[in-house]
Each structure stands twice: as structure tokens, then as C-alpha cells.
Amino acid sequence: MKEPKTLFDKIWDSHVVRRIEQGPDVLYIDLHLVHEVTSPQAFAGLAERGLKVFRPCKTVATADHNVPTVNQEQPMTDPLSRKQVDQLTRNTREHGIRFFGPGHPFQGVVHVMGPELGLTQPGMTVVCGDSHTSTHGAFGTVAFGIGTTEVETVLATQCLLQNRPEKMRINLEGKPGIGVTAKDIALYLLSVLSASGATQHFIEYAGETVLTLTMEERMTLCNMSIEMGARGGLIAPDEVTFEYLKGREFSPSEEDWNDRLTGWKKLFTDPGAKFNREYRFDISALDPMITYGTNPGMGIKLTGRIPTPDTVPGNHLNGFKHALQYMGFEPGQPVLGRKIDYVFVGSCTNGRISDLRAFASLVKGRKKAPGVTAWIVPGSQQVEKQARKEGIDRILKEAGFELRQPGCSACLAMNDDKVPPGKYCLSTSNRNFRGRQGPGSRTLLASPLTAAASAVTGVITDPRELM
Amino acid sequence: MPIEKFTRLVSSAVPLPAENVDTDQILPARFLKAVTREGFGEYLFRDLRFDSAGNPLPDFPLNRPEYAGRILVAGRNFGSGSSREHAAWALVDYGFRAVISSFFADIFRNNALNNGLLPVQVSEQYLNVIFLAIDRDPKVRITIDLEKQKVMLGEDIYWFEINPFRKQCLLNGWDDVDYLLGLQNEIRKYEENSNT
Ligand code: SF4
């Protein structure tokens with residue numbers, strides 16, 4: 001009888017070109033996504049070696065990290081950012097790579113763009129010079145972020161030298177309550193397992209809850225895997241996945257569909273397959289979550305209180321104290337009712353159409369609180385277009401919000417969307433690191449629903465109160 | 001880019017006991033706009049090292065005159081967060097050749113290795129031994145011998161683990177692209193067999 005295999009191993013093994021004894025595997029990459037910030041040095045390295053891109057057809061580029069979220073159709077005013085986008089334009093043209101640059105109808109945050117175009121397909125290996133490549137795992141892919149040297153390696157050879165990570169399975173059971181989203185599940189897992197709890201592992205999310213999640217929710221969950229230190233996270237593809245993929249721009253054509261489907265249906269973890277670590281969580285009693293500190297593992301129930309030092313393990317105490325100091329919080333304080341200055345809805349975590357819908361559903365008929373600056377940033381041109389089609393832009397406008405243009409925006413604040421020093425931002429993105437949203441900025445991570453409730457009240461608010 | 005060989009390093013060290021120093025702290029995103037690999041050292045730990053007006057913060061280890069050297073000794077979970085290789089470039093550009101910590105984030109570890117920056121993972125206890133030693137004598141010499149996989153602090157020896165393949169690459173200055181270019185036929189064959 002064949003040894004039972006995990007989904008991860010099935011995909012990994014079918015991409016091994018060669019095994020190096022006592023070394024990494026030579027892994028073939030099916031899809032390489034490229035953006036303007038982590039690629040210039042890789043293309044330059046290629047040129048120095050006198051090489052061309054080995055498989056341009058497996059490479060797709062977009063501009064997202066740097067781009068402004070207003071007046072995008074005009075030339076970029078920041079000369080350094082413009083240079084990066086210009087270089088990517090030139091590099092992709094020279095090497096015959098598809099490029100969805102500013103203004104292109106397919107432009108968007110790289111991890112929103114790939115899935116919505118059907119580029120990401122079950123069973124693939126997907127890489128990108130960006131850690132949140134883990135998002136694509138929602139489709140049953142082995143997807144992980146790489147550094148620029150590795151970007152160069154994939155451009156040159158379509159392969160990478162990679163050590164096989166350990167495997168972890170997280171089983172989720174129970175139905176999330178009202179107002180509890182995939183983002184809250186991710187923040188909850190992080191609060192239990194910590195920001196380094198899954199280092200050197202690839203996570204498979206399984207269990208009855210996962211089956212009921214939509215593709216967009218699955219993407220949010222897989223997206224945050226990296227925040228636990230994991231190399232990536234994945235979910236076995238099922239009818240939900242196949243249904244999502246049907247008819248998308250780069251999905252398999254109708255003639256090929258059945259063939260591909262047969263292959264995709266074999267992508268699951270065999271019963272009895274072994275994981276290095278396994279967890280089980282019941283999420284039916286979960287509350288909406290929020291972070292209070294400076295790493296995404298520092299999360300609590302929205303209705304809870306900031307921990308007190310006696311509950312923090314000794315070796316984390318120092319970091320805990322510094323985090324509270326940076327955030328301007330006291331131990332034992334509740335977070336509900338605290339004033340916020342900024343709200344950011346967007347990013348590859350929560351910048352998809354379902355996120356905008358969720359946000360709009362709560363602000364509809366209400367008004368943005370005075371004193372709150374809100375950036376509502378669609379994850380891609382397609383998301384923006386859909387939002388306008390559904391009238392979400394109008395709902396936002398009536399409530400005093402403005403739908404901006406797609407990009408990473410305040411998720412990493414490389415463009416003008418920066419939170420000023422000392423200000424509090426309730427953000428639907430994925431990182432609350434010091435200075436992530438601008439030097440001195442203070443980030444609280446939460447779901448789009450919590451963002452909406454807080455944006456209309458001006459203080460941190462439980463979305464269930466407005467539902 | 002061929003990597004600089006790493007064999008043996010003898011140096012004093014700079015201590016950075018904080019845990020979870022993420023790549024946004026190592027190199028804030030606003031400095032990612034360059035299109036070359038050089039010059040990032042200036043921005044290394046920018047917001048920990050300088051105040052908003054650009055004045056050095058006297059308490060930060062890199063600003064303290066007693067600390068210098070080519071080894072950074074950092075608290076647990078160093079380099080978590082973003083995949084930006086710029087973080088590794090900044091450390092190298094500043095002059096570091098090795099980072100000692102009790103735990104490294106995965107992508108950072110790869111990025112470091114790809115730039116000839118040796119991540120040395122030691123136990124929590126030994127990390128504390130090193131911090132204490134630096135505390136007692138900021139000029140204390142630390143030897144890192146990659147061939148023998150050991151860290152030496154005076155008489156005290158600690159053996160560390162490293163993937164044998166990566167070790168060979170560093171000792172010889174080999175890079176992945178050269179290795180993989182040599183496998184092109186195998187890669188093509190793989191493509192034919194898997195109909196991709
Ligand atoms: S939205 Fe944020 S996390 Fe996602 S790709 Fe952009 S910068 Fe990275």
C-alpha cells in the first residue's frame with residue numbers, strides 16, 4: 001500500500017526536479033509573480049550574467065507597493081517610486097513578461113490580482129518576492145515568499161533550491177458567530193500560537209469550518225500564515241475552489257477544464273498522513289479580535305483587556321513592556337471605546353470585494369466620525385470596478401468615505417498614505433510592526449467589520465453593536 | 001551575484017537583545033525605493049537608531065561607542081515579517097558578516113545566506129552567555145568558524161548546525177543560479193514530463 005501523503009507533500013514532490021543529498025531540493029516553479037520593489041536588483045543581476053528570463057510565460061508582473069491611490073492615471077510624482085515602476089516596465093518589455101502596470105485593468109496588489117485572474121490554480125508552486133505569497137495557498141498551492149536573490153534565481157532558471165519545511169495542520173471546527181470573520185480567526189490563531197509559532201512549517205488549514213469558508217475568506221486566512229512565521233499555508237481545493245475558478249481570465253479553457261479538474265480532485269491529504277505538529281480549535285465561541293501590540297501575535301478579544309505583565313511569559317516581558325510603551329497603552333485597560341485617528345481598509349489581507357461589501361454594509365446610512373481619516377483602498381482595478389458596479393462607492397460617499405485607487409497603500413506606507421507619528425490606525429492589513437504604517441504610527445489590526453464600526457463612531461467599537 | 005566567501009570570522013560584537021526584531025525595524029519600507037543593492041547600511045535600524053530629526057539615539061547599541069564589530073548578536077526571532085532582502089543588504093552594507101540569535105525567521109535566514117551573511121543559531125542559554133560576556137567586556141572577541149561549525153568565546157565552545165549544502169556554498173562562494181544553470185537539461189526534461 002502506498003504511504004499516505006499530505007497535500008503539501010503531493011504538490012512538493014511533483015515539483016522536485018532533483019534531490020540534493022543532504023541539501024535542498026531543486027523545486028520547479030509554475031507561477032512567478034513580480035512587483036516593482038523587490039525585482040529591480042534581480043533583473044540587474046540577470047543582466048550582469050548576460051541571461052534572459054528562462055520562462056517569461058510563467059512570470060506575471062504588476063505595480064502595487066509604490067503606487068499612489070489617488071490620481072493614479074497621472075505620472076507618479078515621487079521620483080524614486082517612478083523609477084522603480086519605469087524599470088519594471090522596461091524589464092518586463094525586454095524579457096517579454098506580462099505586466100499589469102498602473103492604469104491596466106488587471107493591475108492590483110499582487111496577491112489579489114493573481115487569484116482573481118485565475119492565474120493561481122490548484123497544485124501549483126507559486127512564488128513572489130513578497131512574504132504574503134502565502135495567500136495563494138487558499139487554492140491548494142504551495143506558495144511562499146522569496147527574497148530578491150531568489151527572484152533572480154527563478155527568473156534565470158524557473159527553479160529554486162529549497163529545503164522541505166515541516167508540516168503543521170490546524171483543524172478548525174465550529175461555525176463562527178455573527179460579526180466574526182476569517183480575519184478574526186487568523187488573529188485568534190496568532191494570539192494562541194504567537195508570531196513565531198509556525199516557523200519552519202507549512203500549515204494546512206482543515207476541518208469543517210474551512211469547508212464553509214468562501215475563497216476570499218480562505219485567502220485572508222492563508223495570507224496571515226506568514227505572521228505566525230510559517231513558510232506558507234494551504235487549503236485543499238474543493239467545489240468552492242473550482243466554482244471560483246470557472247471562467248476567469250487565465251483559468252483553463254472549457255476544453256481543458258475536465259482534464260484539469262480530474263487532477264485537482266486528487267489534491268487532498270490522505271487519511272493517516274503524518275504532520276510534525278497538529279492543532280485543533282473550536283471557533284464557535286470566538287469573538288472579534290484586535291491587536292494591541294507591535295506584532296500580530298499580540299491580539300485579544302475586542303471586548304477583552306490588554307494583558308497584565310503577570311500573564312506574560314518571562315522571556316517575552318521586555319518585548320511586551322516596550323510594545324505597550326510604543327502603543328501608549330496600559331496593562332489591564334480595555335480597548336473598546338479608545339479613540340482612533342485613522343482607518344485603513346485594504347491590502348492583500350482584506351482588500352477584496354467581500355471586504356468592501358462588509359465595510360459598506362455597516363457604514364451604510366451612517367456617517368464617518370469627524371476627526372477620523374479613512375483610506376478605503378480596493379485591492380485591484382477589478383475590485384474597484386466591481387465596487388463601483390455594485391454602488392459601494394456611492395454608499396461610501398454618502399457616509400463620508402471615499403473609494404481610492406488600488407495598491408498596497410497604508411499597508412506598508414511606501415506611497416503617500418502614511419499614518420503620522422503617535423496616531424492610532426485601525427487597519428485591516430496584516431502587520432502592526434513599529435512604524436509599518438509610517439514612522440511612529442500605531443497600528444491596531446482588525447477585520448473590515450470592526451474597521452467600519454470604529455470609523456463611524458471614532459472609537460474602537462464592536463461591530464456586533466451596529467449589526 | 002556571486003557571494004562573498006565565509007570561512008572564519010574573529011570580531012567583537014554588537015548586542016541587540018530585543019526579541020522579534022522584524023524586517024520593518026531592520027529596514028523601514030520607505031527606504032525600499034532603491035534599484036541597486038548598495039547603500040542600505042545608512043538606513044539600517046533607522047527608526048531605532050535615530051530620532052525623527054535624524055539625531056542618533058544615544059542608547060541604541062549601534063550608537064554606543066563601546067560596541068563595534070562585524071557580528072550582531074540579536075534576541076530571539078530575528079528577521080520576521082517581510083521578505084525584503086534589503087534587510088540583509090543593509091546589515092551587510094553596514095559591515096556585519098554574521099548574526100547570532102536563538103531563532104531566525106525562515107525567509108530572512110535564506111536571504112542572509114544568499115548574501116554571505118552567516119546566520120548562526122544558538123540555544124537560548126548560550127545566547128545569554130554571549131550577551132553577558134559582552135556586558136562584562138564590550139570588546140570581547142568572538143570567533144565563528146564555519147568549517148568546524150563552532151562559535152568560540154574565550155575557552156567556551158558552542159557547535160552550531162547549518163545545512164551542509166548551504167555551508168559548502170558559503171565556504172566556496174557558490175551561488176544558486178550558477179548551480180541551477182548547470183542543471184538546465186534536467187529542468188527541461190522535467191518540463192517535458194510534466195507537460196507544463
Ligand atoms: S498589501 Fe501589504 S502585505 Fe500585501 S503585498 Fe502589499 S505590502 Fe505586502
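1. Across the interface of chain B and chain A in this predicted model, 28 residue pairs are in polar contact, both partners having pLDDT of 80 or more. On the side of chain B that touches chain A, helices H1, H3, H4, H6, H7 and H8 of chain B each supply at least two residues, and the residues of that side divide into 20 nonpolar, 15 polar and 19 charged.

2. The contact draws 65 residues from chain A and 54 from chain B, and the area buried between the two chains is about 5000 Å², with carbon and sulfur atoms giving 55% of it. In chain B, the residues that lose the most area to chain A are Lys33(B), Val35(B) and Tyr190(B), which together account for 15% of what that side buries.

3. Seven salt bridges are found across this interface, including one between Asp175(B) and Arg49(A) at 2.4 Å, N to O. Another joins Glu191(B) to Arg55(A) at 2.7 Å, running from helix H8 of chain B to the loop between helix H2 and strand E4 of chain A; Glu191(B) is buried, with a relative accessible area of 9%.

4. Over all chains the structure holds 37 salt bridges. Within chain A, Arg164(A) and Asp9(A) meet at 2.6 Å, although they lie 155 residues apart, Arg164(A) in the loop between strands E8 and E9 and Asp9(A) in helix H1. Arg164(A) is partly exposed at 32% relative accessibility, whereas Asp9(A) is buried at 9%. Both belong to a network of salt bridges that also links Lys5(A), Asp13(A), Arg19(A), Asp25(A) and Lys167(A).

5. A further salt bridge in chain A pairs Arg169(A) with Glu278(A) at 2.7 Å, N to O.

Key:
Residues numbered from 1 in each chain as written. Chains lettered and ligands numbered in written order. Predicted model: local features only at pLDDT ≥ 70, side-chain atom pairs only at ≥ 80, totals over all residues. Heavy atoms only, no water. Contact = heavy atoms within 4.5 Å. Buried area = accessible area lost by both parts, 1.4 Å probe. Salt bridge = Lys/Arg side-chain N within 4 Å of Asp/Glu carboxyl O. Polar contact = N/O pair within 3.5 Å; in protein donor to acceptor, adjacent residues only side chain to side chain. Helix = DSSP H or I, 4+ residues; strand = E, 2+ residues; numbered from the N terminus. Nonpolar A, V, L, I, M, F, W, Y, C, P; charged D, E, K, R; others polar. Buried < 20%, exposed > 50% of the residue type's maximum accessible area, 1.4 Å probe, protein only.
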